[in-house]
Amino acid sequence: MVGIDLDAARERRLAAAAEKARAAKAEYTVGEEPLIFGGATVAMLPAELPLEVWQPLIGIPYLPLLLRSLVEAAQAQGEQQTQAASLIVDVLGSEPSLPSDLLAAAAEMGRRLLGEDGYEQLMAQRPSHADLLELVRYAWTKYFSGGGGLGELIGPSATASSGGTTSKPTSSGTTSSTPAASGGGPVTPDSSALDVS
């Protein structure tokens, strides 16, 4: 009987992520990690992000439009950035409950990630906006950038692809101006284009 063993798949993912982290000499280890604040461990971050953490976002009106607007604003420049920022304001203004819905969803996501006790201990320390941004950045790195990225969760495609096409010469004759080989080396994107921080 053919089936899928999710326990084995999770073990393979964690082992691969741990090896990648060791190879990259990452500053964190894969697995449960402490969240330290106010001189005490307030919670343990789980090894993998539980799917239930995302559930509070379901059903929030206009959330997809808001997220798209935020992405556009982050990628835009000049007049386009102003237009994207204006759209964000319009979305927030057209749905008066959206800001409070987002705050409530973020709080519930925190409870689901840290546990009720961990969340309450964190809030008891009166974290600042900057503290919470640091936590979000770290969680993003832990769950999506360091061995558990979305591409790795989805996995490689079943068919191999060279990632490009090879051009054919337009003439069967040879000339000194035609290069001997095309695509001789991998093309890497400009690292500044990948900076999303």
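**Entry 1: a word to start with**

Two residues are in contact when heavy atoms of theirs lie within 4.5 Å. I also remind myself that this is a predicted model.

With that in hand, I looked up leucine 45. Leaving out residues up to four places away in sequence, I found that leucine 45 touches Gly31, Glu32, Glu33, Leu113, Leu114, Tyr138, Lys142 and Tyr143. Leucine 45 sits in strand β2. Is leucine 45 buried or exposed? Its relative accessibility is 1%, so leucine 45 counts as buried, the cut-off for buried being under 20%.

Leucine 45 and leucine 113 are 68 residues apart along the chain, yet their C-alpha atoms are separated by 7.0 Å.

**Entry 2: the whole chain**

Next I stepped back. The protein chain has 6 helices and 2 strands, and along the sequence they follow the pattern α-β-β-α-α-α-α-α. Of the 197 residues in the chain, 23% are buried.

I wondered what share of the contacts comes from residues 24 or more positions apart. Among contacts in the chain with a separation of 6 or more, that share is 61%.

I followed β1 (33-37) and β2 (40-45) side by side. They pair in the antiparallel sense, over 5 bridges. One bridge I noted joins proline 34 to methionine 44 in β2. The hairpin they make has 2 residues between the strands, and glycine 38 there takes a positive phi near 65°.

**Entry 3: the cores**

Which residues have the most contacts inside the largest nonpolar core? I wrote down Leu35, Val42, Leu45, Leu113, Leu114, Leu122 and Tyr143, in a core of 13 residues. Two or more residues each come from β2, α4 (98-124) and α5 (129-145). Apart from this core lies another one of 9 residues, among them Ala73, Ala84, Ile88 and Leu98.

I looked at α4 next. It has 27 residues, and a straight helix at 1.5 Å a residue would reach 39 Å, but the end C-alpha atoms of α4 are only 25 Å apart. Where does α4 bend? I found a bend of about 115° at glycine 115.

I listed the buried residues of α4: Leu98, Ala105, Ala107, Met109, Gly110, Leu113, Leu114, Gly118, Tyr119 and Leu122. Their cover includes β1, β2, α2, α3 (79-94) and α5. Leu113, Leu114 and Leu122 were already in my notes, as residues with the most contacts inside the largest core.

**Entry 4: just after α4**

Arginine 126 follows α4, in the loop between α4 and α5. Its phi is near 50°, a positive value in a residue other than glycine. Is arginine 126 buried or exposed? With a relative accessibility of 73%, arginine 126 counts as exposed, since the cut-off for that is over 50%.

**Entry 5: the aromatic rings**

How many aromatic pairs are there? I count 2.

In one of them, tryptophan 54 and phenylalanine 144 are tilted, with 6.2 Å from centre to centre and 50° between the planes. Tryptophan 54 lies in the loop between β2 and α2 (63-75) and phenylalanine 144 in helix α5, so this pair ties together parts 90 residues apart in sequence.

The other pair is formed by tryptophan 140 and phenylalanine 144, whose ring centres are 4.4 Å apart with planes at 40°, so this pair is tilted as well. Tryptophan 140 and phenylalanine 144 are 4 residues apart in helix α5, which means that about one helical turn separates them.

Together, the ring pairs link Trp54, Trp140 and Phe144 into a cluster.

- Phenylalanine 144 has a relative accessible area of 17% and is buried.
- Tryptophan 54 has 38% and is partly exposed.
- Tryptophan 140 has 47% and is partly exposed.

Terms used: Residues numbered from 1 in each chain as written. Predicted model: local features only at pLDDT ≥ 70, side-chain atom pairs only at ≥ 80, totals over all residues. Heavy atoms only, no water. Core = buried A, V, L, I, M, F, W, Y, C linked by side-chain atoms within 4.5 Å. Buried < 20%, exposed > 50% of the residue type's maximum accessible area, 1.4 Å probe, protein only. Phe/Tyr/Trp six-rings, centres within 6.5 Å; stacked < 30°, edge-to-face > 60°. Expected span 1.5 Å × (residues − 1). Bend = angle between axes of the 7 residues up to and from the residue. Pairing = 2+ DSSP bridges.
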